[in-house]
Amino acid sequence: METELRTGVFICHCGINISGVLDIEDLCEYARTLPGVVTVQANLFTCAETGTSEIKAAVKEHDLNRVVVAACTPRTHEPIFRASCQEAGINPYFFEMVNIREHCSWVHRHDKEGAQAKARDLIRMGVAKALFLEPLETFRSKVEPKALVIGAGIAGMTSALAIANQGFEVILLEKEVEMGGLLRHLHKVAPSDMTAAELIGEKIAAIEKDKRIQCFTSAALEEVTGYVGNYAVRFSCGDESYSDKVGVIIVATGGASLKPVDLYNYDGEHVITQSELEIKLKDGNIGAKSIVMVQCVGARIPERNYCSRICCMVGIKNSLHIKEIVKDAKIFVLFRDIQAYGVENEALFFKAKEAGVRFIRYSLESPPVVEDGKVKIYHAGMGKEISLPADLVVLSTPIVAHDDAESISRILKVPIDEHKFFLEAHAKLSPLDFATSGIYLCGNAHYPATVREATYQALGAASRASIVLSHDTVERVGTVAAVKEELCSSCFACVKVCPYQVPHMNERGKAEIEPMQCQGCGICVAECPAEAIKFAYVSDEQITAACEALYAA
Amino acid sequence: MNKEVLVIGGGIAGIQACLDLADQGMTVYLVERLPSIGGKMAQLDKTFPTNDCSICIMGPKLFEVERHPNTQLLTYTEVEEVSGEAGNFTVKVRKKPRYVEEDKCTACGLCADKCPVAVPDQFNMGMSTRKAIYKYFPQGIPSVYTIDDSACRIFKGKKCNICAKICEAKAVNYEQKETVFELNVGAIIVATGFEVFDPSDIKPYGYRTIPDVITAMEFERLLNASGPTGGHLERPSSLKIKAEIRQLEKQIKKAKTRLKSLEKKSEESGDETRKALEEMNERLPVLQAKGASLEELRDIAFVQCVGSRDLRYNAHCCSYGCMHSVKEAVVATEHGSELQSTIFLTDMRAYGKGFHQYCLRGASEYGIQFVRGRVAEIGVGDDGRPAVWCEDMDTRKVEERPFDLVVLATACVPSKGIENLSSMIGFDLDENGFVKTDPNKPANTSVKGIFVCGCAEGPMDIPSSVSMASAAASMAVQTVKAL
């Protein structure tokens, strides 16, 4: 039985984010003329409680069965409006969102007329598409109450222990022969002054004692398939190969310290890195009295234009440790900006200055010159070049991504950024999540971090992961691809093209897509030559209707 | 043993901790002393380094806290007493009366529209007014109005009850009393945030004496669409002149009416009124011309480390101030592309992911000038504009430079209530007054079962607060599960 389609359109001012550029009244008038539209309302903030209440009230009052919101991005706000639809008693997928903020008022703010015309087009298209929306259901699947943690540095070990303490099993993979990560090579950690060996020793002992954690060293991740709550993982450990099922995955693969090849006459003897200095500090033998540290070696330069966050504090910490061993050591730290952010770091910086460590600023345009036994530097305060005696030059190099970051990112199908650090779902509010649900990140794999920061990120990632693990099932939305078997020509195009390896041939020789596994990317839909794959929520009818509406005007 | 958790503070840290716990099936109480959750992040216009609109990304989280079946939101509520130990804390809380029934109010706003009392709006940093019955901010959760009993006429013994009469939902209740009740929880997360340092302590900077010297937080509101200027970038002195013009226009209108009635009566001479009117009519164009000259904003100075890295005030670094100013300069330039921003800095601390690139873009695409040097003094220049005195460390020249507007990047200081809370619960504070933690167990306070996250622990940016909030949630779950 065909029911009459009754669409309500809600247009958001978004404060002045939208109404500062677009004429909302005009858009309302315009929307009222569109087919199927029975009511149009403008809201100051459609997403605020008042706005959503208005949606719910309008659904009841006008007996709406389609809702179109013209506002901001569905990325952040679609769930709110879908929930409002559901609460009002209509299927949450009878909802269409039109983005007139990012797509109109923000990008075209210098062309108000053009923005207005585009907003009208988008609303018309949204309304046309809404007429072809179909109700969708959600699926539930079982959660494997086990986590895979990749990397057993301080971040990975902390995450593994936290998840185990929350009552779940953990597989911990470490590619090196032993656990500990970067800290294995360090002397002491700031600001606790605990030796790195003691710190990782405690964690390793706790992990070895914990029956819920299975740790594999010299291990390599080989394959990951599946979806949140139900990932099938394959990895090797030595010559053995292992397969298991886990509900969640934490990426704690860490980072490496950049080797300053061809920089500042680096020779590993008189010109060394901070990591190499740490070994000397461990041995308690510096073998030098005049020490010059150079910060930002290979960092904050055009080819590596990021600040590695921790190197300033490593330099400051190590200069204090040198002073402990060689009381009359003369130490100069040549820096561009001292990154002693927060309370503890600034206090340690101050302590170093009090201990007689001298800090001289340089600019990218006039970097220090390392020569035999001395370092030349332009001193801006004195307005001239000075020469500093140096028995030992220590280069502070940035943390860089591991060589295998790319391959791990491919195996997990999660993104990395231009510097090959793993890319979180949202820079501000989802720093520990990937956009793919069920996979999380922490520590240097995300971006350089101090021990304190890596630790709380690791605990945080454990918390995020435990959200999935603490439920028996996980819900997946119905926006997935489905095969119309009668149209399938068994060409295998979808099988080949799917980045998640979801489509397979069933016993009848036809393609089949498991809705739980489908990530909803739509590639197979576009690829299928027989047009046998339908994508719920972005069906051909819906797109065609939207396009026809676009060109009908 | 109790599996419920209390989170104190409804800023972004408290909200994230609350949601992580609730999503893991724990029952969570979120206590917030203000009428709405949201904290400082809700007051920000945009966020670095993505320029995301702050309330737009935060709004869905506020919503989620209220809608989640496992959370109980206690706004306008303060913690009064805590006793017990990990696994079994008894917490006495006091919920202040809103004089508006939360379950009845539909937040239609009719009451505030008609309320005759206007007072400075705290959410807009006092730069605009709100009514005695008000909503803390438009997207505030819970979405209900509150009567400020220090401003409302009823509570001053005067006749009014306009709001009660106009409210269709019958939600206004002047008789509402505060309620005191006890919660029983297994763990507590302290997420009480921070305060913005008051720079009027630094006399040479002229804050509150020179009109166009403002704080970075005040500037956020001036940039914001729901701020005092509706997002139109203006300096405070221009706003002040506009208010004066409005006032004068009102007076002129009054005088004209009076003159007319006097002329009708023709009993007494209207000379005095006529004279006053003439005087006002002369004054008006002068004010209008002055107002017009202040309308356009050409240059802004951003002064870094105000009350930070300064042993007279706070030794510590606020850790977000550099990026905060770069972001404000970028956003300001988006409001007016002819605008020139200059940042006076000590060190450029752009140490987070994407921060350094953001600064480079600020310089190349938005023309931001970076001057290395600490500002010694802000005075009034010959042209009446604020003038920044600073030695440029690169050129070694001391210069006085006038600007239309000076924005102070103020220090991040401990919240006022933290001392009280620390003595109530017994956890230690560090020498700067932030909650002391173990560097290797960063969410743990000195008391078992009490955890901390966000700026209550020390200055940090939003992603760090969010990460640490999740960490505190994990520790709280581990604690109650181990019991």
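Mentor: Start with strand β3 of chain A, residues 66-71, which pairs with β4(A) in the parallel sense over five bridges. Strands pair here if DSSP finds at least two bridges between them. Helices (H or I, at least four residues) and strands (E, at least two) are DSSP runs, numbered from the N terminus.

A word on the source. The model is predicted: local features need pLDDT of at least 70, side-chain atom pairs count only at pLDDT 80 or more, and totals for chains, interfaces and linings use all residues. Residues are numbered from 1 along each chain as its sequence is written, while chains are lettered from A and ligands numbered from 1 in the order in which they are written.

Now find one pair of residues. Ala70(A) stands opposite Val98(A), which belongs to β4(A). In general, strands of a sheet pair through backbone hydrogen bonds, either parallel or antiparallel.

Next, widen the view. β3 and β4 belong to an open sheet of four strands in chain A, ordered β2-β1-β3-β4, with parallel pairing. At its edges are β2 (37-43) and β4 (95-99) of chain A, each pairing on one side only. Direction ignored, neighbouring strands of this sheet are turned by 15 degrees against each other on average. Axes are lines fitted to C-alpha atoms, for helices over the stretch in contact, and angles run from 0 to 180 degrees between N-to-C directions.

Helix α1 of chain A, residues 24-32, lies across β1 (7-12), β2 and β3 of chain A. Its direction is at about 170 degrees to β2(A). Helix α2 of chain A, residues 49-62, also packs on the sheet and touches β1, β2 and β3 of chain A. The angle between α2 and β2(A) is about 160 degrees. Two residues are in contact if their C-beta atoms, placed from the backbone, lie within 7 Å.

Chain A has 15 helices and 30 strands. Its C-alpha atoms fill a box of roughly 90 × 60 × 40 Å, taken along the principal axes. Chain A has 553 residues, and 50% of them count as buried. Buried means 20 or more other C-beta atoms within 10 Å of a residue's own; exposed means 12 or fewer, and partly exposed lies in between, with C-beta atoms placed from the backbone. Of the contacts in chain A with a separation of 6 or more, 70% join residues 24 or more positions apart.
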